[in-house]
Structure formats: C-alpha cells, structure tokens
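Keep the viewer open as you read.

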Amino acid sequence: MLMKDVPTDLYVGGTWGSASDGGRFDVLDPATGDVVASVADGTVADAARAVDAASAAGKAWAATAPRERAETLRRAFGLMVERRDELANLISLENGKALSDARGEVAYAAEFFRWYAEEAVRAQGSVATAPSGTNKIMVLRQPVGVCVLVTPWNFPAAMATRKIGPALAAGCTVVLKPASDTPLTALAVAAILEQAGVPAGVVNVLPARRSGAVVSAMLHDPRVRKVSFTGSTEVGRVLLREAADRVVNASMELGGNAPFLVFADADLDAAVEGAMVAKMRNAGEACTAANRFYVEAPVAEEFGRRLAERMAALVVGPGTAPDTQVGPLVNEAAVAKVDELVTGVVAAGARVLTGGKRPDRPGFYYEPTVVCDVPSNAAILDEEIFGPVAPIVSFTSQDEAIAAANATEYGLVCYVYTTDLARGLRVAEALEYGMVGLNRGLVSDPAAPFGGVKQSGLGREGGHEGLLDYLEDKYIAVDW
Ligand code: NAD
C-alpha cells in the first residue's frame, strides 16, 4: 500500500503537476506484481518546461552564498534521516529490496547531502605565479550550469542524491529523470528538498516512460550543459553519442562485472563474509555486485561449501516483511535473464551447490545460488548477472587470476582477499578497475571517489572529486 503523502506528479519549477498530455504510468510492487501507484508520465514538452525552470533558477542559485547552499543540503540530510523508515518502506515497495537493504540505502543516500553540505564551501580555485614570472595564473571554479541527471532503479534514493548533492553544492540546477520502475523515491526526495528550502526550479523531477525522447530533447537544448548518467553501459553509449552533438559535459556511471579474488592465504571467514556483502547486498542488483569468484585451487572447494551454506540460510521473501534478507528482483525480465544464465552454465557442466532455480511462489524471485566448476568461457562470467547468483572458478597462479579479472570490457570494482598486504597492494595495482576492495566486500562511501574505468564509466561521484564533476575551471591570466 502506498503512503498517502508520497507525490506522484511531476515536480517542475517548484510546483507539482500533471504531464502536458495528462499521461500516467503504473508502478508495480515486485513482490506481488500489483500496481502501487500511477505516476505522471513526462513528455518532451514537460522536459522543455523543466529546462526552462532550471535555466531560470540557475543564475540566482549559482550566486547564493556557498554557506547557504551548504545549510540547505544539511537540512535535507536531517529530513532524510528523520524520514528514514518511511523512505525505506517506499524503496522496498517499488524496488523490492529487503527493508534492511532499503534502510541501509536511505542512510547512504542521506550521507551524500551531508557530505556535499560540507563540500559546498570547499570549491576553491587557485592563484600561482607563471613559470616565466611575468603574470599570475588564477583559476576560478564555477558551476557547469543546467544538468540533466538520469538514474537507475536499483538504488532509487542514493543514485539521485549522489548527483543532486554535488550539483547543488557546486551551484548547478538540475532536471532528474528517474527510472520508470522506481520514480516514487525520487519524487519523495524532491519533496524533502522542497521542504529543506531548495528554491523553485533548482531541482526538477521528471518521471517519463519515453525516456529516450525526453532525455534526447534535453541534451539538444542549448541551455543544458551537463548530463550525469547512472545505468547500463548500453544506454550510456547512446547518451554519449547524444551528448556529442552539442559537446555536452558527460559523467557516466555504467555497468560492472566485478571479480572477487580469494587467495589461498586469505582469512576464509572474512572472505565468505565479504562475499556475502559483495554478492547479496540488494539481492545482487548492484553495479558493484561481485559477479564472478576466482578462488585459488587449494581453498576453492572449502570457500564454495561455506558460501553455499550461508546463501542457503538466507530468508527469501517480500522486501517489506521484517525478517526478509533477500527480496524479489525488480521485474520478470530480470528473473528470466538470471535463470537463462544459470541454466546455460549448468548445461555447460557447472555444479550447483545451492539454489539454481526460481522458487515456487508468485512474484519475481530467484533462489540464492552458488555454482562451481564454471568453465572460463561461460556467458555468466561476461555478463552482469544482476541477481543472487555466485559462479566460482578456481585458479592456480596470481598472474592467471589477474588476467582473468581484467579480461572484460568493464572496470568498475573488484575485490581481493589475502592476508599478505604487500601482495594485495601489488594485485590491486595490476587490476584495471576504478575501485578495489582489499579485504573488504563493500567500497561505497560518500567520502570516496566512486567510479569506473574502461566501459564502466567516466568521472567520479562522491568525495571531493564528485564536486569537481559539477564545476568548470576558468583560468584568468592576470598581470597586476
Ligand atoms: P538502464 O540503463 O536501463 O536505465 C537507466 C536509466 O536510463 C533509467 O532512468 C532509464 O529510464 C533511462 N534510459 C533508458 N534508456 C534510455 C535512453 N535511450 N535515453 C535516455 N535514458 C534512457 O539501467 P537500469 O536497468 O535502470 O540499471 C541497471 C544498470 O545500472 C546496470 O547496468 C548497473 O550496473 C548500472 N548501475 C551502475 C552504477 C554505477 O555507479 N556505475 C550504479 C547503479 C547501477
């Protein structure tokens, strides 16, 4: 059931309203397939209105005192923390994730507002004497301008605040297009920002099922200066091409195919614990999810056994039920994809240690699954599984493990378990990834630069680096 005060209309120019053609679309509860809300379906005309509003608000917002922007974000942090349970329920309802995961997401999401409240007053430029000694080199940092933000369904709150926080701190105004599976959380975040005192037009939220047309129209509007996208590599490539037409500044947080390396000298208890976090946070529906496990031969059997034992003990059920540890996947297509990957690898000779099928219940569920003896050319090692499935491959040398880990177009995050710290750091250096969890199954931290290399993305979110993504350097050559 939907909470009464959750908005379901477009938020443009500080007012809530219908789409220009009156269109709406349904949001489903993945645990039952039932409709939980009907949300206004933004059109290309609404996108133009949203850019009008963001553009009109831009100058004044960029000129506010950084301290004022900081305090507005700090208030938004406080309100999110206050409404943590309500927001967590909403996330579970439209995304399906277990309430414990949803509460974790709200805390993580709110931290981006607190971190960027602190960063808003740290957008320093610099002054230096030119090497020739003839003039000064002054660098000012200025907001990029109107930003289009596009977010996925798997972290509906955190992916929004990870972009809105730094954009507002930098003095930019934004139009957010949330994923159509999970627009309610983004609208609830907009209501919180409104309550925190964000002026009209600074943040606009435009759910839209025709995302291609709506986002494309905005990227071709001369007032739009930046696109920040989180989602699949496939759609990221499309948006990069669109952005090229007007040379729009682009930040991309794309897909991953995270390897999880366990060396024979690892603390196996810690490795299994880390594997559970890296694999099962959000039921595996995370870009950071461990997608393939490479375990050194002498401990591979034991690691598989222990991981399977932990996975088999997880409570699967509706995200909103209090004891649930693994909720349903987001939709039928997600379950079908996971099932196809598992069926394929089993047909190719892999052994199922636990799970391996859809449970016999309605809703978009898949059993927590561990498969071992996975052939190195299996599709499951190349594609983002985005579900609760852990394929295990054993290796015999460090070089072999590094080569297998790097043999992918992706480069978001990888995990390494070893008690030999020098080896861990050497391996981390050799891995072609934007982030490495060294004896850690979780890397996400609002204070750290999150992002990928290769086809996992461009730019960083979080940390001081995340603020810089929304600022342009202006160099002034001064003679005084
Ligand atoms: P997706 O690429 O299908 O959709 C992401 C967003 O783009 C949604 O809002 C969607 O409506 C919109 N979209 C889809 N087609 C579009 C188009 N042609 N033009 C403009 N917008 C379009 O991704 P998803 O299924 O929502 O999310 C899962 C993907 O996101 C996974 O690949 C995952 O790895 C990735 N992801 C990456 C990160 C990261 O930080 N690197 C974080 C979370 C998710």
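## Starting from one threonine

Thr369 has its place in strand β15. Here helices (H or I, at least four residues) and strands (E, at least two) are DSSP runs, numbered from the N terminus. Before going on, a word on the ground rules: this is a predicted model, in which local features need pLDDT of at least 70 and side-chain atom pairs count only at pLDDT 80 or more, while totals for chains, interfaces and linings use all residues. Residues are numbered from 1 along each chain as its sequence is written, and side-chain values use heavy atoms, with hydrogens and water left out.

Is Thr369 buried or exposed? Thr369 is buried, because its relative accessible area is 0%; buried means under 20% relative accessible area, exposed over 50%, and partly exposed in between, with a 1.4 Å probe and protein chains only. Setting aside residues up to four places away in sequence, Thr369 touches Met311, Thr354, Gly355, Gly356, Lys357, Pro388, Val389 and Ala390, where contact means heavy atoms within 4.5 Å. Arg310 is 59 residues from Thr369 in sequence, and their C-alpha atoms are 10 Å apart in space.

Now step back to the sheet. Seven strands form an open sheet in the order β14-β15-β16-β13-β12-β17-β18, with mixed pairing; two strands pair if DSSP finds at least two bridges between them. Its edge strands, β14 (351-354) and β18 (435-438), each pair on one side only. From one strand to the next, the twist averages 25°. Helix α10 (residues 297-312) packs on this sheet, touching β12 (258-262), β13 (290-296), β14, β15 (369-372) and β16 (389-395). The direction of α10 makes about 140° with that of β13; axes are lines fitted to C-alpha atoms, for helices over the stretch in contact, and angles run from 0 to 180 degrees between N-to-C directions.

Next, look at the cores. A nonpolar core is a set of buried Ala, Val, Leu, Ile, Met, Phe, Trp, Tyr and Cys residues joined through side-chain atoms within 4.5 Å. Which residues have the most contacts inside the largest one? They are Phe260, Phe293, Phe303, Leu307, Val374, Ile380 and Leu431, in a core of 68 residues. Helix α9 (residues 268-280) gives the largest share of this core, seven residues. Apart from this core lies another, of 65 residues, among them Val39, Ala57, Val189 and Ala289. In soluble globular proteins, nonpolar side chains tend to be buried together.

Leaving aside neighbours within four places in sequence, Phe303 is in contact with residues including Phe260, Val262, Phe293, Val295 and Ile392.

Strand β10 (224-230) comes next. Six of its seven residues are buried, so β10 is largely enclosed by the rest of the structure. On one side, β10 pairs with β7 in the parallel sense over five bridges, and Val148 stands opposite Val227 in β10. β10 also pairs in the parallel sense with β11 (residues 249-253), over five bridges, and there Val227 stands opposite Ala250.

Helix α7 (residues 211-219) brings Val214, Val215, Ser216, Met218 and Leu219 into the interior as buried residues. They pack against α1 (44-63), β7 (146-150), β8 (173-177), β10 and α8 (233-245).

For a helix pair, turn to α3 (residues 84-95) and α6 (residues 183-196), whose axes come within 8 Å and cross at roughly 160°. That makes α3 roughly antiparallel to α6, since angles under 35 degrees count as roughly parallel, over 145 as roughly antiparallel, 65 to 115 as roughly perpendicular and the rest as oblique. Leu87, Leu90, Ile91 and Glu94 in α3 meet Pro183, Leu184, Thr185, Ala188 and Ile192 in α6.

Finally, find Ser444 in the loop between β18 and β19 (457-458). Ser444 is buried, with a relative accessible area of 14%, and touches Tyr108, Arg281, Thr288 and Phe450, not counting residues up to four places away in sequence.
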